[in-house]
Amino acid sequence: MTTSDAIVVPELYAGYPQVAFGGYVAGVLAERSGAQAVRVDFRGPVPVETPVRIAETAGGGVELGAAERPLATARPAELLLDAPAAPSWDEAAAAAERFRAAPPSGVVDCFGCGLRAADRGLRVHGTPVPDLGLVASAWIPSRAFADPDGLLPPPLVWGALDCPGHWAGRFLGTQQPGAVTASLTGTILRPVAAGEPYISYAWLLSESGRKHMMGVALATAEGELCAVSESLWIDPRPAP
């Protein structure tokens with residue numbers, strides 16, 4: 001048995017033009033599932049500013065889009081990811097500044113990692129930290145996104161677990177510009193407060209052809225883990 005209604009992703013939460021930001025979509029589905037750890041698989045682009053069916057399915061699952069061909073599905077999962085220690089705040093701040101001073105090729109107007117004003121995007125801007133084998137960003141989520149308790153809503157915490165994987169694949173591996181998130185498995189370990197300092201970091205797990213697996217973590221400025229994820233990114237198909 002399923003229960004369904006519809007959601008509309010605001011244009012603010014776009015990743016690519018007219019396409020909903022994958023991390024935000026994953027977070028909406030994960031919150032709806034209610035499981036501690038959730039895997040979200042993406043099967044097609046989710047449009048912005050358009051009502052899209054969302055339905056709860058058996059066993060804590062959730063699907064977005066038509067039942068016959070959903071655009072994304074979520075289900076409870078087990079996340080066995082051994083996150084390395086976070087870099088220091090100063091290392092992460094320097095990495096973020098390198099991104100903003102010389103934006104890498106392929107940067108788009110993405111809610112997660114685009115060069116937006118602080119009240120219009122998450123601004124998670126990661127580049128490699130020397131000698132650590134990971135990319136990192138010092139991050140202070142804007143109070144514009146706070147809920148009434150001053151916390152960042154779970155879908156936006158999930159948003160911070162998405163783009164860092166892309167930049168880990170680009171800087172540390174062979175991932176190509178235009179790659180998309182095929183799956184995102186994540187868990188939130190503790191609340192994330194808007195206006196407070198955090199360290200976002202990501203590392204390469206494996207690569208095979210067009211497929212790239214990344215680990216992502218979000219920690220306090222002191223290094224305490226707040227959320228972790230494992231993501232699969234797929235390169236665009238080569239031009240014929």
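Trainee: Hi! Quick one to start: is arginine 53 buried, exposed or partly exposed?
Mentor: Arginine 53 has 25% relative accessibility, so it counts as partly exposed. Buried means under 20% relative accessible area, exposed means over 50%, and partly exposed is in between (1.4 Å probe, protein chains only).

Trainee: What should I know about this model before going on?
Mentor: It is a predicted model, where local features need pLDDT of at least 70 and side-chain atom pairs count only at pLDDT 80 or more, while totals for chains, interfaces and linings use all residues. Residues are numbered from 1 along each chain as its sequence is written, and side-chain values use heavy atoms, with hydrogens and water left out.

Trainee: Back to arginine 53, then. Which residue does it form a salt bridge with?
Mentor: Its partner is glutamate 63, and the closest N and O atoms are 3.0 Å apart. Arginine 53 sits in strand β3 (residues 52-57) and glutamate 63 in strand β4 (residues 61-65), so the pair ties together parts 10 residues apart in sequence. Helices (H or I, at least four residues) and strands (E, at least two) are DSSP runs, numbered from the N terminus. A salt bridge needs a side-chain nitrogen of Lys or Arg within 4 Å of a carboxyl oxygen of Asp or Glu.

Trainee: And is glutamate 63 buried or exposed?
Mentor: Glutamate 63 is buried, as its relative accessible area is 13%.

Trainee: Why would side chains pair up like that?
Mentor: Opposite charges can pair when the charged atoms of the side chains come close.

Trainee: How many salt bridges are there in the structure?
Mentor: There are 6. One of them joins the side chains of aspartate 5 and arginine 32, at 3.1 Å from N to O. That pair links distant parts of the chain, with aspartate 5 in strand β1 (residues 3-7) and arginine 32 in helix α1 (residues 22-33), 27 residues apart.

Trainee: Which residues end up in one network?
Mentor: Asp5, Arg32 and Glu56 do, through salt bridges that share partners.

Trainee: Switching to helix α1: how many of its residues are buried?
Mentor: Helix α1 is mostly covered, with 10 of its 12 residues buried. Among them are Tyr24, Val25 and Leu29.

Trainee: What comes just after α1?
Mentor: Glycine 34, which takes a positive phi of about 85°.

Trainee: Last topic, strand β7. How many of its residues are buried?
Mentor: In β7 (residues 134-139), 6 of the 6 are buried, so the strand is largely enclosed by the rest of the structure. Leu134, Ala136 and Ala138 cover one side, with Val135, Ser137 and Trp139 on the other.

Trainee: Which strands join β7?
Mentor: Strand β6 (residues 127-129) runs antiparallel to β7, with 3 bridges, and threonine 127 has alanine 136 as its bridge partner. Strand β9 (residues 198-208) is also antiparallel to β7, with 5 bridges; there, tryptophan 139 partners tyrosine 198. Two strands pair if DSSP finds at least two bridges between them.
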